[in-house]
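Me: Can you walk me through this model? I'll ask as I go.

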Amino acid sequence: MVIVYGSKNSIKIKKNLGVNVCPNCGMNTEKVLAAEKQQFTVFYIPIFSHTLRKGLICPNCGMYKTLTNAEFKEIANN
Amino acid sequence: MITAKKSKAWIVLIVLAVFFLFLGVVAGDDALGVMMIFCIACLVIGLIIMAVSSKNFKKKSAMLAQMNTDGTIDRINNGIANGSAAYYKSLKLALTSTELVENSNNPFIIKYEDIANVYRSNVREGKYDYTYQYIRIDLKNGQTVYVATVPRVRVPAEFGNAIGTIKKYTSAEGGF
């Protein structure tokens with residue numbers, strides 16, 4: 001029997017943080033607080049997921065500024 | 001060097017096909033059927049890769065010949081040979097002091113004076129890419145070009161060097 005398994009990544013946006021200049025691309029973009037998750041799939045059905053990293057993302061260039069759990073919670077609650 | 005090269009991956013698959021055939025013959029009737037399936041699969045994939053690489057080689061050779069009508073490619077290759085230009089093999093990217101050359105299957109030349117912005121990007125055409133990372137080049141005419149595609153989990157050290165070099169030359173040439 002063949003078991004089709006794999007993984008799928010996704011980004012969950014938690015909060016928009018307003019317009020900022022990105023240090024990587026230099027564009028004025030709306031930075032977002034987000035978590036990148038990886039889902040383990042069997043026959044393309046997600047079984048479980050785990051968080052790969054949490055941080056601030058620039059929507060223009062995709063640059064990640066990784067945050068610790070405490071920093072992430074603090075920004076999310078403010 | 002900026003040249004068209006043929007992929008040799010098909011040779012490995014043809015050797016594998018012969019190996020599976022040999023294994024099947026040695027093992028006898030029991031395993032011959034299974035080994036024949038592996039052998040045929042390797043043979044078919046090998047032939048497809050050979051056909052595609054041959055087609056890409058011809059296409060790239062024609063494009064390079066067209067770009068070399070004024071001796072540009074020869075000049076860049078001489079620059080790489082004598083050290084005045086840099087060639088990043090893992091990025092398929094050549095950088096001279098006035099232009100950059102993308103040496104992929106669709107080679108092209110960008111002059112630094114036409115560049116408005118250069119940075120590393122995980123976003124391609126508005127979509128976040130979970131697998132690859134690129135050097136994104138915004139041109140003054142509003143076009144966006146992506147060069148040096150590398151896997152996001154294995155970014156070579158050359159990647160950062162190439163961005164730095166492009167930025168240095170671009171600012172020197174009045175790009176930004």
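Me: How many residues does the contact take from chain A and from chain B?
Reply: The contact takes 8 residues from chain A and 9 from chain B. Two residues are in contact if their C-beta atoms, placed from the backbone, lie within 7 Å. This is a predicted model, in which local features need pLDDT of at least 70 and side-chain atom pairs count only at pLDDT 80 or more, while totals for chains, interfaces and linings use all residues. Residues are numbered from 1 along each chain as its sequence is written, and chains are lettered from A and ligands numbered from 1 in the order in which they are written.

Me: Switching to chain B. Which elements does it have?
Reply: Chain B has 4 helices and 9 strands. From the N terminus on, the order is α-α-α-β-β-β-β-β-β-β-β-β-α. Helices (H or I, at least four residues) and strands (E, at least two) are DSSP runs, numbered from the N terminus.

Me: Compact or spread out?
Reply: Chain B is more spread out than a compact globule, because its radius of gyration is 21 Å, well over the 16 Å that the globule rule gives for 176 residues. The radius is taken over C-alpha atoms, and the rule is 2.2 Å times the number of residues to the power 0.38. The C-alpha atoms of chain B fill a box of roughly 70 × 40 × 25 Å along the principal axes.

Me: Where are the domains of chain B?
Reply: Domain 1 of chain B is 9-67 and domain 2 is 72-172; the bounds come from an automatic or database domain assignment. Their centres, taken over C-alpha atoms, are 33 Å apart.

Me: How many residues of each are in contact?
Reply: 5 residues of domain 1 of chain B contact 5 residues of domain 2 of chain B. The domain 1 side has 3 nonpolar, 1 polar and 1 charged residues.

Me: Back to chain A. What is the strand order in the open sheet?
Reply: The order is β1-β2-β3-β4, with antiparallel pairing. Strands pair if DSSP finds at least two bridges between them. The edge strands of chain A are β1 (5-21) and β4 (64-66).

Me: And how many bridges join β2 to β3 of chain A?
Reply: 11 bridges join β2 (residues 28-42) to β3 (residues 45-57) in chain A. Lys37(A) stands opposite Thr51(A) in β3(A).

Technical notes
Nonpolar A, V, L, I, M, F, W, Y, C, P; charged D, E, K, R; others polar.
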